[in-house]
Amino acid sequence: ADDAVTAAKIADAVGLGKILQVQSSIAQSRTTGSGTTYADAGFSDTITCSATSSKVLVIANFNFGVDNNNQSVTSVSLKQRLLRSNDGFSSDSNQIYATTSFSNFPENSGMDFIIAGTTAMVTVDSPSSTSALTYKVQVRSNFNSGDLWEVGTDLGDSEFGARGFTLIEIGA
């Protein structure tokens, strides 16, 4: 008990945050698409902060696959971004994180190939809002308009990889 009290005093003294709430969601399904225009990856989550000074630790994770669809190309790439909105994405959407998965096969142009992996996006957001905040992931092919992508990749036997969010409100 003394260790917990001491840790709490140290956290208060140096201004470390306190966890105020945790929100999480998981989807067991698959979203597919193609092209170089961003599309929703099929999962989102919402949290309402208790103060404008709160921060949100955002963790988004998902399985993905990208297929070059037998095009005469030497690479496949999936661009992934994390967005936040306080009005259901009707007018504003703030990109708060982005990443790319990439594979290159320069000696075999036109060969059919697929990349697959898992993405974990982890960032601390400072939304300065007490409105409901919705976070979502969008994906697109980075280079080739004919690339096929999927999020929540089929693992076999009609099972799909989990994809989801954990949103943690951190107060001062």
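Reply: Asp125 has a relative accessibility of 5% and therefore counts as buried, a term that means under 20% relative accessible area, with exposed being over 50% and partly exposed in between (1.4 Å probe, protein chains only). The model is predicted: local features need pLDDT of at least 70, side-chain atom pairs count only at pLDDT 80 or more, and totals for chains, interfaces and linings use all residues. Residues are numbered from 1 along each chain as its sequence is written, and side-chain values use heavy atoms, with hydrogens and water left out.

Me: Which residue meets Asp125 in a salt bridge?
Reply: A salt bridge is a side-chain nitrogen of Lys or Arg within 4 Å of a carboxyl oxygen of Asp or Glu. The N to O distance here is 2.6 Å, and the partner of Asp125 is Arg84.

Me: How many residues apart in sequence are the parts that Arg84 and Asp125 tie together?
Reply: Strands are DSSP runs (E, at least two residues), numbered from the N terminus. Arg84 lies in strand S5 (residues 75–85) and Asp125 in strand S7 (residues 114–125), so the separation is 41 residues.

Me: Is Lys136 buried or exposed?
Reply: Lys136 forms a salt bridge with Asp40, with the closest N and O atoms 3.1 Å apart. Asp40 is partly exposed at 38% relative accessible area. For Lys136 the relative accessible area is 13%, so the residue is buried.

Me: What is the relative accessibility of Glu150?
Reply: The side chain of Glu150 meets that of Arg30 in a salt bridge (3.1 Å, N to O). Glu150 counts as buried because its relative accessibility is 17%.

Definitions and conventions: Helix = DSSP H or I, 4+ residues; strand = E, 2+ residues; numbered from the N terminus.
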